[in-house]
2 protein chains.
Amino acid sequence: MNVSETSPATLSEFDAIDHALVDGVLARQLRPLAKTITLIESQREDHKLRARAVIEALLPHTGGAMRVGISGVPGVGKSTFIEGLGLYLIEQGLRVAVLAVDPSSSLTGGSILGDKTRMEHLSHHPQAFIRPSPSACSLGGVAEKTRETMLVCEAAGFDVIIVETVGVGQSETAVANMTDIFCLLQLPNAGDDLQAIKKGIMEIADLVVVNKADIDPAAAMRAKSQIKTALHMLRPMSQNWTVPVLTLSALNQDGVAEFWEQVTNYRTVLTRTGEFEAKRRHQALAWMWDMIDAGLRSRFRNHPQVKQTLPQLAAAVEQGTTTPSVAAMRLLGYLN
Amino acid sequence: MNVSETSPATLSEFDAIDHALVDGVLARQLRPLAKTITLIESQREDHKLRARAVIEALLPHTGGAMRVGISGVPGVGKSTFIEGLGLYLIEQGLRVAVLAVDPSSSLTGGSILGDKTRMEHLSHHPQAFIRPSPSACSLGGVAEKTRETMLVCEAAGFDVIIVETVGVGQSETAVANMTDIFCLLQLPNAGDDLQAIKKGIMEIADLVVVNKADIDPAAAMRAKSQIKTALHMLRPMSQNWTVPVLTLSALNQDGVAEFWEQVTNYRTVLTRTGEFEAKRRHQALAWMWDMIDAGLRSRFRNHPQVKQTLPQLAAAVEQGTTTPSVAAMRLLGYLN
C-alpha cells in the first residue's frame with residue numbers, strides 16, 4: 001500500500017516542500033528531520049495532513065532501530081544514564097535518538113528533556129538527536145506524536161531510539177506499547193520497588209536497573225534481590241525471557257556495557273522465537289484500535305444531543321435513578 | 001427522573017403483564033422474580049425493551065442489599081463456602097440471592113451454579129434464591145445481565161446478593177465492578193497466591209480467604225502469611241481498609257461467622273468515610289461508559305465500509321505498510 005492508495009485526499013497537499021522533507025530525512029539531514037517533527041507536533045489541520053503524507057512516504061524506511069523505553073521516578077538519574085548510554089552507543093558506531101513522553105509537558109512547558117543542558121555532551125554530538133516531549137492536551141496525543149517521531153527518526157537512519165518517560169501516571173504503559181524493550185530504573189532505597197509494583201510499572205518492565213549503586217553497594221544488592229522476588233511473583237514463569245535485574249552506576253559509567261548487552265540479548269532471544277516481530281505487529285494494531293476508540297469517543301462526546309443530555313443522564317446514573325444500560329442506550333440512540 | 005421521562009419509547013410496551021411482574025417482585029414472590037430475570041436474559045428485542053421498563057420501575061426499590069463478589073479457582077470450594085455462608089445468613093434472619101458470572105457458560109451450557117444440587121440445602125430454602133449464570137456471547141453481556149438481575153433481586157427484598165465467578169479470565173474484574181466487596185478464595189497450596197497475583201485478581205480483592213484450612217492448618221497459616229506480604233506490596237498503604245486474610249474451613253463451617261463479621265466491618269468503615277456510596281456511584285458511571293464504548297465499537301464494526309476495508313487496513317498496519325493513525329483516520333472517515 002503506497003501513499004496514492006491509502007490517502008488520496010492528502011495527495012494534493014504533498015507538494016515539493018514535503019518531497020524535500022522526505023528526501024532530507026532519508027539523506028539523514030538533521031534540519032529536515034526537525035522540520036518534519038515540527039509538522040507532526042503542529043495542531044494545524046493542514047500540517048497534520050502534510051505530516052501524515054510525509055510519514056507514509058517514509059514508512060518503507062522505518063523499523064530498523066532498536067526501540068528502548070526508559071522510565072523511573074524523578075531523581076533516579078535518567079538523564080545521566082541516558083547520556084552515558086548514548087555516548088557508549090556512539091562509541092560502538094551507532095546513531096542515537098532520544099525522545100520523551102511527558103504528559104505534564106503541556107502544563108509545565110516541557111519538564112523532561114526540555115532542558116538539553118541536562119545531557120550536555122550527548123546533545124552536542126553529531127551522531128545524536130535529542131527532542132523534548134511534544135505538548136498536547138492528552139497523553140494519547142503526546143504518545144502518538146512521539147510514536148510518529150520515532151518512525152521518522154528510524155527513516156533518518158538512527159540505530160537506537162531511546163524513549164524516556166517519567167515514573168508517574170499512565171505514560172509508562174504508552175511508552176512500553178511503542179518500544180521493543182521497556183527498562184525501569186530504580187533507586188536502591190527500600191520502597192522504590194514497592195511504588196513501582198503498586199503503579200503496575202514493575203509488571204511491564206522487560207529489564208530493571210538499580211541505579212546509583214555506587215552510593216551504597218550493599219543497599220543496591222538488597223534492592224536487586226527484593227526486585228527479583230517481586231518479579232518472580234508478578235511475571236509469568238513460562239516464557240522465553242526472565243527479566244534481568246542489574247545494578248549500575250550511571251555517574252561512574254559502571255554497568256552501561258552490561259546493560260546494552262542485556263538489551264541486545266533480549267532482541268536476539270525474542271527474534272529467534274518470533275516474539276520480537278509479533279510484539280511490533282501487535283503494538284501497531286493495538287495503537288490503531290486505541291486511536292479508533294478515542295476517535296469514536298470524541299465524536300460521541302461532540303454530538304450536540306449527547307453534549308446536551310450527558311450531564312443529567314450521568315448524574316441520574318450516579319444517583320441510581322436510571323440504569324447504566326438505559327442511559328447508554330438513550331445516548332447511543334442520538335447517533336442514528 | 002421517572003419512567004415516563006426517561007423512556008417514552010418503551011411505555012407502550014409496558015403493559016399489564018409487566019405491571020404484574022413489578023408488583024410481584026416488590027411483593028417478594030419468586031415466580032415473578034424468575035420471570036423478570038428470564039426477560040432480562042432474553043435475546044429478543046421486544047423482551048429487552050420490556051425488561052428495561054420493568055427494571056426502571058423497580059429502580060427506586062434497589063440498592064438495599066450488601067453485594068458480595070466471590071471468586072476462586074475451580075476446586076477451591078466456592079460452592080461449599082457459599083452454601084455455608086448462605087445458611088449462616090438465613091439463620092441471622094437475612095434473605096440471600098446467589099447469582100453467577102461465568103463467561104464460559106455460553107459454550108458449556110452453564111458450568112457454575114448450573115447444577116443446583118451443588119448447593120442442595122441452600123437451593124431448597126425458602127429464604128434463598130439461586131440463579132445460574134446467564135448465557136451470552138460476550139463477558140460484557142453476561143455481566144450486564146447479572147448486574148440487572150442483582151438490581152431485581154434487591155427490589156425483591158434480598159438482603160445479601162452473592163455473585164460467584166470462576167477464577168479464570170476477566171470475569172473477576174466484572175464482578176468486582178458490580179459488587180461492594182470482592183472476596184477471593186484461595187487454596188492453602190504454595191503457588192495459588194502467585195497465580196492470583198499474576199492474573200491481577202489479588203490486587204482487586206477486598207478480603208482474602210484461605211479455604212480448606214482443616215486439611216493442613218500449618219500450610220494454611222503459611223499461605224496466609226505469604227498472601228499478607230503480597231497484599232502489602234500490591235495495595236496502596238494509605239487507605240482506610242487493610243485487606244484482611246482469613247483462614248477458614250467451609251467443610252466444617254469453621255470461620256464463616258468471622259468472614260461475615262469482616263464483610264459488615266468493611267461496610268461500616270467505608271460507609272463512615274463515604275467511600276461505600278462513592279464506590280457504587282463510580283461503578284454505575286463506569287458501567288455506563290463501558291456500555292457506551294461497547295456500543296460505539298459495535299456500530300463501528302458493523303458499518304458496511306468499515307466491514308469491507310478493516311481486514312486489509314489492519315493487515316497493512318500489522319505489516320507496517322501503513323501507520324495506525326492513517327488507518328484509524330480512514331476508517332473513522334467512513335462514519336461521516
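In the predicted model, Asp293(B) and Arg297(A) form a salt bridge, with 2.6 Å between the closest N and O atoms. Across the interface of chain A and chain B, 2 salt bridges are found. Polar contacts link 8 residue pairs between chain A and chain B, both residues of a pair being at pLDDT 80 or more.

On the side of chain A that touches chain B, at least two residues each come from helices H1 (3-6), H5 (45-58), H9 (139-155), H11 (192-198), H13 (217-234), H15 (275-302), H16 (304-319) and H17 (324-333) of chain A. The most is given by H15(A), which supplies 15 residues to this side. By residue class, the side of chain A that touches chain B comprises 33 nonpolar, 10 polar and 15 charged residues.

The contact as a whole involves 58 residues from chain A and 57 residues from chain B. About 5300 Å² is buried between chain A and chain B, and 70% of this area lies on carbon and sulfur atoms.

In chain B, helix H15 spans residues 275-302 and includes Asn302(B). A polar atom of the Asn302(B) side chain lies 3.0 Å from the backbone oxygen of Ser298(B). The relative accessible area of Asn302(B) is 49%. Asn302(B) is therefore classed as partly exposed, because the exposed class requires a value over 50% and the buried class a value under 20%.

Technical notes: Residues numbered from 1 in each chain as written. Chains lettered and ligands numbered in written order. Heavy atoms only, no water. Helix = DSSP H or I, 4+ residues; strand = E, 2+ residues; numbered from the N terminus. Buried < 20%, exposed > 50% of the residue type's maximum accessible area, 1.4 Å probe, protein only. Polar contact = N/O pair within 3.5 Å; in protein donor to acceptor, adjacent residues only side chain to side chain. Contact = heavy atoms within 4.5 Å. Buried area = accessible area lost by both parts, 1.4 Å probe. Salt bridge = Lys/Arg side-chain N within 4 Å of Asp/Glu carboxyl O. Nonpolar A, V, L, I, M, F, W, Y, C, P; charged D, E, K, R; others polar.
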